[in-house]
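Reader: I have not looked at this structure before. Please take me through some of its strands, cavities and charged pairs.

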Amino acid sequence: MENSIDCKYINQKNVFLMNLPSDILVEILSRLPARAVFRCKCVCKTWIKIFSDSKFVALHFAKARPGIVVHQSEMFKNLIKVVEFEDEIDHHNLDEDSLVKFDLKRISEFSGANIVLDGSVNGLICLRDSNYEHESVYICNPITREYVRLPSPKGVVRYPSMATYGFGVSRVSSEYKVVRVFHDQVLDPVRQTCIRIPRSECHVYTLGTGSWRSINGNMLNFAYGRRCRSVGLFFNGNIHWLIKDLDDTHEMISCFNLENEVFQPFPAPFPGMEGLLGSLGVLHDCLCLCDNTSHCEINIWVMKEYGVEKSWNRQFVITKMTELTGPTLEVVYPFKIFKDGVIMVLWGDFFMLYCCNKSNVGQEVDLDQPRGPNKIEAMLHVSSFVSLKNFGFENVCNF
């Protein structure tokens, strides 16, 4: 049955469908897009029960269309939007296509909360209050509108110290983990750049365990780029950070294996380069590095074979729009590539763009995007109906 099946049709055929074997019924319903599932929950209590069943959740997720999660922070708004879309570029007004949209203002009890998006994995997103006076981490499923606040990590962050996070799932045990790396930094008094890290700690929270664990990490001399958004990128069972080695000041990639919980070196496309204005991403299911150092173009390097240094290739060179040329301190984050080669990127935390690699044409995404002191974050997201209660959380809240 096609994904475009309509709930009105289902209501008319309700009697017929209810007489089908349960396995066949679940298989049919699992092909519905998430938007249709919302409507079909109104059909009857039996269907509500089916939509909560673990078999349906797994089947539906396996067939789910990829989309994006967008976080918009403004003076009086703090919105999360989840969008599904076909792999085309036309007719994608993200406001109209929004699958869910809700305000995060009430997620924190603190008036000075500064919520940021720290990861999206299998339908779950990791949110964090980056106000270090009350550092808090939340796991949320936007589709079920459930969220849970994790126990506060140990150690208080005070400038110039910093903490960075990553969120992912281990490949073998399938455990979902939040990774927190804390650096006690010493800054150059004039340049205000990190020159020494006397203390470094790593803590891991496995969903369902109820507590953070300390991990011995070999990253004492690594500094996370101060101009880059300090969020780890999850890919292929590992969390990756773009970092700077303080011994020789060149940029490199740090990789944390979620299964055995160790840091390990990872080959970068141009070892030894200084002053890289870069970010990590995933395009065409390959790790990529986006470099915005040039005044006139954006270079995207793609790792064709994961972990193989020689497989790095500069695959995309995008000429910047006239208004974006010249010196900049903004990092560009690529996170979606369409079939026609158009790439959706985030320019700093200011706005989203469509960039065409072939025609070198840039176009702002048709979205009510924030301006001025506001910010926007976006990353790939695949919706899931899994409940946070399945992880053993007892303090699950609803938006």
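The questions and answers below go through strands, then cavities, then salt bridges.

Reader: What kind of model is this, and from which number are the residues counted along each chain?

Author: This is a predicted model, in which local features need pLDDT of at least 70 and side-chain atom pairs count only at pLDDT 80 or more, while totals for chains, interfaces and linings use all residues. Side-chain values use heavy atoms, with hydrogens and water left out, and residues are numbered along each chain, as its sequence is written, from 1.

Reader: Is strand β22 largely enclosed by the rest of the structure or exposed, and how many of its residues are buried?

Author: Strands (E, at least two residues) are DSSP runs, numbered from the N terminus. Buried means under 20% relative accessible area, exposed over 50%, and partly exposed in between, with a 1.4 Å probe and protein chains only. On one side of β22, V342, M344 and L346 are buried, and on the other I343, V345 and W347 are buried. Strand β22 (residues 342–347) is therefore largely enclosed by the rest of the structure, its buried residues numbering six of six.

Reader: Which residue takes a positive phi in each of the two hairpins of β22?

Author: The hairpin of β21 and β22 has four residues between the strands, and there a phi near 90° belongs to G341. The hairpin of β22 and β23 has three residues between the strands, and there the positive phi, near 60°, belongs to G348.

Reader: What is the volume of the largest cavity?

Author: A cavity is a set of points, on a 1 Å grid over the protein atoms alone, where a 1.4 Å probe fits but cannot get out; lining residues have an atom within 4 Å of a point. A volume is the space filled by probe spheres set on the points, which are joined across faces, edges and corners. There are two cavities of 30 Å³ or more, and 11 residues line the largest, with L32, P33, K63, A64 and R65 nearest its centre. The volume of the largest cavity is about 70 Å³.

Reader: How far apart in sequence are the parts that R128 and D118 tie together?

Author: A salt bridge is a side-chain nitrogen of Lys or Arg within 4 Å of a carboxyl oxygen of Asp or Glu, and in the one between R128 and D118 the closest N and O atoms are 2.6 Å apart. R128 lies in strand β5 (residues 124–129) and D118 in strand β4 (residues 115–121), so the parts tied together are 10 residues apart in sequence.

Reader: Which residues are linked in a network of salt bridges?

Author: R213 and E261 form a salt bridge, with the closest N and O atoms 2.7 Å apart. R213 is in strand β11 and E261 in the loop between β15 (251–257) and β16 (262–266), so this pair ties together parts 48 residues apart in sequence. The network links E175, K177, R213 and E261.

Notes:
Pairing = 2+ DSSP bridges. 1 Å grid on protein atoms, 1.4 Å probe; cavity = no way out; pocket = protein on both sides within 12 Å on 5 of 7 lines; lining within 4 Å.
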